[in-house]
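Student: I am new to this structure and would like a close look at one helix and what surrounds it. Could you walk me through that part slowly?

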Amino acid sequence: MFPHLCAGCGSDQLSRESLICVDCLSSLPSTYFHMHGNNPVEKMFWGRLPVTCATAQYYFTKDSVVQRLLHQLKYRGNRELGTFLGRMMGQQLAQSNRFLYVDALVPLPLFPARERRRGYNQAALLCAGIAEFLQKPVLPHAVVRRTATATQTRMNRLQRWQNMENRFELVNGEGLEGKHLLLVDDVVTTGATLEACGRELLKAPEVRLSIATLCLSST
């Protein structure tokens, strides 16, 4: 009933099992941060948040395949793409010894009203795909977003941090005791949102925290 088209370029030249054509897959700008400590994402949190490991799978640039994929995921209702991209993340994370010892995955929560409008949380879809490779449970209710936030697109680092302060709340911290949690989101820019959520997760007794995002943006 509906054409099977590449989510990156709209081409119909792709296998039935894939959502992204070979040309778009080959053009994705991988960072390989998952293989290396002290990478730019980990350095982003130095002095801000005690993170065991952190990575972003791709570089984000404007007018790129990555931007088109994110647009499909966040604004065009492409749920299947979220899980597909999560599998790609999971495949890479499973190749790195640095992420094999996490105990559970935590998707960065959306404010409930926004999640209802979108119909899903894109970070939860990524977690579902990652979990297929890491074989770890997903904890979608470990932390909740209590208040909505203004868009951060035009905010500087300080404004983003102030915008996210006290937006998240830990739920059932006792159930997280002693776990190594992998906090997952689609994009990291300044790290303000992940820092605010991560601080709540670290309120649970003896929790260790790692971070994985689909892409790293410089703007």
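Tutor: Happy to! Let us start with helix α4, residues 79-94: its 16 residues reach 23 Å from the first C-alpha to the last, close to the 22 Å expected at 1.5 Å a residue. That expected span is 1.5 Å times one less than the number of residues. Helices (H or I, at least four residues) and strands (E, at least two) are DSSP runs, numbered from the N terminus.

Before going on, please note that this is a predicted model, where local features need pLDDT of at least 70 and side-chain atom pairs count only at pLDDT 80 or more, while totals for chains, interfaces and linings use all residues. Residues are numbered from 1 along each chain as its sequence is written, and side-chain values use heavy atoms, with hydrogens and water left out.

Now, which residues of α4 are buried? Among them are Leu 81, Phe 84, Leu 85, Met 88, Met 89 and Leu 93, and the list also includes Gly 82, Gly 86 and Gly 90. Here, buried means under 20% relative accessible area, exposed over 50%, and partly exposed in between (1.4 Å probe, protein chains only). The cover over these buried residues includes the helices α1 (22-27), α3 (65-75) and α6 (122-134), along with the strands β1 (54-60), β5 (180-188) and β6 (208-217).

Let us follow those strands. Six of the seven residues of β1 are buried, so β1 is largely enclosed by the rest of the structure. β1 runs parallel to β6, and six bridges join them; two strands pair if DSSP finds at least two bridges between them.

Strand β5, another part of the cover, holds His 180. With a relative accessibility of 3%, His 180 counts as buried. Its side chain makes a polar contact with the side chain of Ser 210 at 2.8 Å, and the side chain of His 180 also reaches the backbone oxygen of Tyr 101 at 3.5 Å. A polar contact is a pair of N or O atoms within 3.5 Å; within protein, one must be able to donate a hydrogen and the other to accept it, and residues adjacent in sequence count only if both atoms are side-chain atoms. Leaving aside neighbours within four places in sequence, His 180 is in contact (heavy atoms within 4.5 Å) with residues including Thr 52, Val 102, Asp 103, Arg 208 and Leu 209.
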